[in-house]
Amino acid sequence: MSSPDVMPARTSPSLSPRRGLVVAVVSLLGATLFWAGNYVIGAGAVTSIDPLSLVFLRWGIAVVPLLVIAHLVERPRWGEALRAWPWLIALSAFGLAGYNLLLYSALQFTDAFNASLINAFNPALITLAAAVFLREKLTPRAIGGVLIALVGVLVVLSKGDLAALGGTGFGRGELLMIGAILAWTAYTITGRLAPTLPPITSTALQAVIVLVALAPVSIASGGPALPATPAVWGALVFIGVFPSVLSYLLWNRALTVLPAGGAGVFLNLITVFTAAFTILAGHPYTAAQILGGVIVIGGVILTNAGSFARKRTR
């Protein structure tokens, strides 16, 4: 998954409020569904393509559609956008490159469901980081939500046996996934400090930077590992189109109607959809994963409930 950049909420003039709300909810469902697919399909892809190649090929597929759509939809002033290049480099390093490299590396050692459960803690972690680095107010309810979500993550990491954590520690995949959510937290905090850019334009330019930065590394290591079978090619195309392009378009379409705080709660559906895919595909899952996931999502909703309520009343 790549969680999205956000646009200020505004009401779409072309739709009635009721119809606009329905379109927004459907858009959010589609965006989170595709991001969940990134976990499930990505877990299969990394068995044939190394994480560095997968990140390089993913954004190689996505970059042209993103640039074209940004130009047609947002009509940015590219020169002005490029003046924010130090911020774009930092964002691409933390987000499009760092998060995804760590995510795909984690999926080599843990399953998609487990990775998505740890990722579900990310909104609570961002709330905590915003309080530390941006001096945003942290209410008692938010603190309680963060602590509850953390308990849920520990349930997942310990496989239901919290006492065993001191002896066994975390697995490699879990540690890499923790690194991934730390990278996305840094991406989010950096994004809030950076100059405001149209979100699709920003994502497109970040994709260009990732490709330029990774190209020499990829060439030095013998070039990106191309898919060996039609099935893996299909997985790569899915990752390059659906979670990388369409999810961003759907997410930003929804934010023309809903406040960012309310839309953010929908990110918990990534874990729900990943769990559904896991069960439908017949992959094994544990009671600890289900219990931990419910606790994490409950804690995250509690953490963000106050923000959502405030924005709804404006």
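Is Val-68 buried, exposed or partly exposed? Val-68 comes out as partly exposed, since its relative accessible area is 43%, and that falls between the 20% and 50% cut-offs. Keep in mind for every view below that this is a predicted model.

**View 1. Val-68 and its surface patch.** Here we're looking at a residue of helix α2, Val-68. Together with Val-64, Leu-72 and Val-73, Val-68 makes a nonpolar surface patch of about 370 Å².

**View 2. The bend in helix α2.** Helix α2 covers residues 51–74. At Ala-62 the helix bends by about 35°, and you'll find a proline, Pro-65, within four residues after that point. Once α2 is over, Arg-75 follows with a positive phi, near 45°.

**View 3. The nonpolar cores.** The largest nonpolar core holds 65 residues. Within this core, Trp-59, Phe-121 and Met-177 have the most contacts. Helix α2 supplies the largest share, nine residues. There's also a second, separate core of five residues, including Ala-81, Ala-84, Leu-88 and Leu-205.

View 4. Val-156 sits in helix α7, which runs over residues 140–157. This valine counts as buried because its relative accessibility is 3%, under the 20% cut-off. Leaving out residues up to four places away in sequence, Val-156 touches Asn-114, Leu-117, Ala-288, Gln-289, Gly-292 and Gly-293. Thr-286 is worth a look too: its C-alpha atom is 9.3 Å from that of Val-156, though the two residues are 130 residues apart along the chain.

Key:
Residues are numbered from 1 along each chain as its sequence is written. This is a predicted model: local features need pLDDT of at least 70, side-chain atom pairs count only at pLDDT 80 or more; totals for chains, interfaces and linings use all residues. Side-chain values use heavy atoms; hydrogens and water are left out. A nonpolar core is a set of buried Ala, Val, Leu, Ile, Met, Phe, Trp, Tyr and Cys residues joined through side-chain atoms within 4.5 Å. Buried means under 20% relative accessible area, exposed over 50%, partly exposed in between (1.4 Å probe, protein chains only). Helices (H or I, at least four residues) and strands (E, at least two) are DSSP runs, numbered from the N terminus. The bend at a residue is the angle between axes fitted to the seven residues ending there and the seven starting there. Patches are made of residues with over 30% relative accessible area and no salt bridge: like charges are joined within 9 Å, nonpolar side chains (Val, Leu, Ile, Met, Phe, Trp, Tyr) within 5 Å. Accessible areas come from the Shrake-Rupley method with a 1.4 Å probe; for residues, only the protein chains shown count as cover. A salt bridge is a side-chain nitrogen of Lys or Arg within 4 Å of a carboxyl oxygen of Asp or Glu. Contact means heavy atoms within 4.5 Å.
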